[in-house]
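Please read the numbered points with the sequence and the coordinates at hand.

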Amino acid sequence: MKTSFLYSLAAALAVTAWAGSTSQAAIVVVAPTASTAGTLNITQDITFNVTTAGIVGIVLLDEWVTTDGSSTLGVLPTKFTFSVNGGANTQSANSSRITDNANFTSNGITPNDGFLTIDNGAGISVALGNTFTLRSGTFVIPATANFNSQATQTFNGNVFLADNAGTRLSGNVAVPEPTSALLGLFGGGCLLLLRRRRAL
């Protein structure tokens with residue numbers, strides 16, 4: 001009876017962890033140095049609800065690092081992929097970029113914020129009520145001198161859409177999803193309890 005209860009509890013927790021893990025993504029960065037490339041990994045698609053019509057330019061990582069006083073840019077060899085309202089996947093018109101931190105304040109951008117440049121060409125028009133989905137992927141950040149070393153982390157905070165001037169176009173999306181790491185733990189616990197139950 002006790003084993004059965006523990007099995008049921010572990011199974012319920014595993015389902016809860018799995019349900020949570022499907023809702024949000026993580027942004028994992030390894031900062032480049034002057035001699036070594038870094039990486040940007042968006043582990044799952046990130047969907048933003050548009051609250052203000054405009055032209056999407058950046059995904060802003062709110063309070064990502066403590067500014068080092070200069071804004072350093074990494075130009076990615078692979079372009080970001082996105083969709084609007086669940087439509088066809090589209091790539092950025094021009095090179096995708098990651099900026100380690102701002103050295104200025106402009107609308108929603110402040111000096112501790114980093115950002116991903118989605119399109120620095122004609123831009124991506126969105127209207128109130130649209131959804132904008134940034135697709136998952138792993139991207140190389142070429143060797144870059146003076147990139148903020150604090151950027152090497154799993155970003156834990158809010159991201160939002162903005163235009164190139166930093167005007168906010170969406171609500172916040174919180175990343176990463178903390179329960180995703182629990183899935184393996186609870187799933188493994190369920191399996192062990194199931195085996196024990198069968199052995200009894």
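The points below go from the whole chain to its sheets and then to single residues.

1. The model is a predicted one. The chain holds two helices and 16 strands. Of its 200 residues, 38% count as buried. The accessible surface of the chain comes to about 9700 Å², and carbon and sulfur atoms account for 56% of that surface.

2. Contacts along the sequence. Take the contacts in the chain between residues at least 6 apart in sequence: 75% of them join residues at least 24 apart.

3. Four strands form an open sheet, and their order is 3-12-7-8. The pairing in this sheet is antiparallel. Strand 3 (46–49) and strand 8 (90–91) are the edge strands, each pairing on one side only. In general, the strands of a sheet pair through backbone hydrogen bonds, in either a parallel or an antiparallel manner.

4. Strand 3 and strand 12 pair in the antiparallel sense over four bridges, and Asn-49 stands opposite Thr-131 of strand 12. Strand 12 (residues 131–134) also pairs with strand 7 (residues 81–84), again in the antiparallel sense, over three bridges. Here Leu-134 in strand 12 is the bridge partner of Phe-82.

5. The two faces of strand 3. Which residues of strand 3 form its covered face, and which its uncovered one? Ile-46 and Phe-48 make up the covered face, whereas Thr-47 and Asn-49 make up the uncovered face. Asn-49, on the uncovered face, is also the residue standing opposite Thr-131 in strand 12.

6. Strand 10 and its partners. Strand 10 (residues 114–117) has Gly-114 and Leu-116 pointing one way and Phe-115 and Thr-117 pointing the other way; all are buried. Strand 5 (residues 58–61) pairs with strand 10 in the antiparallel sense over four bridges, with Leu-60 opposite Phe-115. Strand 9 and strand 10 run antiparallel and are joined by three bridges, and Arg-97 stands opposite Thr-117.

7. Strands 15 and 16. Strand 15 (residues 157–162) is joined to strand 16 by three bridges, and the two run antiparallel. Val-159 stands opposite Val-173 in strand 16.

8. Ser-96. This residue is found in the loop between strand 8 and strand 9 (97–99). Is Ser-96 buried or exposed? Ser-96 counts as buried because its relative accessible area is 0%, and the cut-off for burial is under 20%. A polar atom of the Ser-96 side chain lies 2.7 Å from the backbone nitrogen of Phe-80. Apart from residues up to four places away in sequence, Ser-96 touches Gly-74, Val-75, Leu-76, Thr-78, Lys-79, Phe-80 and Thr-117. Among these, Thr-117 belongs to the buried residues of strand 10.

9. Asn-101. The loop between strand 9 and strand 10 contains Asn-101. Asn-101 is likewise buried, with a relative accessible area of 0%. Which side chain makes a polar contact with the side chain of Asn-101? It is the side chain of Asn-148, at 2.8 Å. Residues up to four places away in sequence aside, Asn-101 touches several others, including Val-65, Thr-67, Asp-68, Pro-111, Asp-113 and Gly-114.

10. Ala-26. Ala-26 is placed in the loop between helix 1 (2–21) and strand 1 (27–30). Ala-26 counts as buried because its relative accessibility is 13%, which falls under the 20% cut-off. The C-alpha atoms of Ala-26 and Gln-44 are separated by 6.9 Å, while the two residues are 18 residues apart along the chain. Neighbours within four places in sequence aside, Ala-26 is in contact with Asn-41, Ile-42, Thr-43, Thr-154 and Pro-176.

How values were computed: Residues numbered from 1 in each chain as written. Predicted model: local features only at pLDDT ≥ 70, side-chain atom pairs only at ≥ 80, totals over all residues. Heavy atoms only, no water. Pairing = 2+ DSSP bridges. Buried < 20%, exposed > 50% of the residue type's maximum accessible area, 1.4 Å probe, protein only. Contact = heavy atoms within 4.5 Å. Areas by Shrake-Rupley, 256 points an atom, 1.4 Å probe, with all protein chains shown as cover. Polar contact = N/O pair within 3.5 Å; in protein donor to acceptor, adjacent residues only side chain to side chain.
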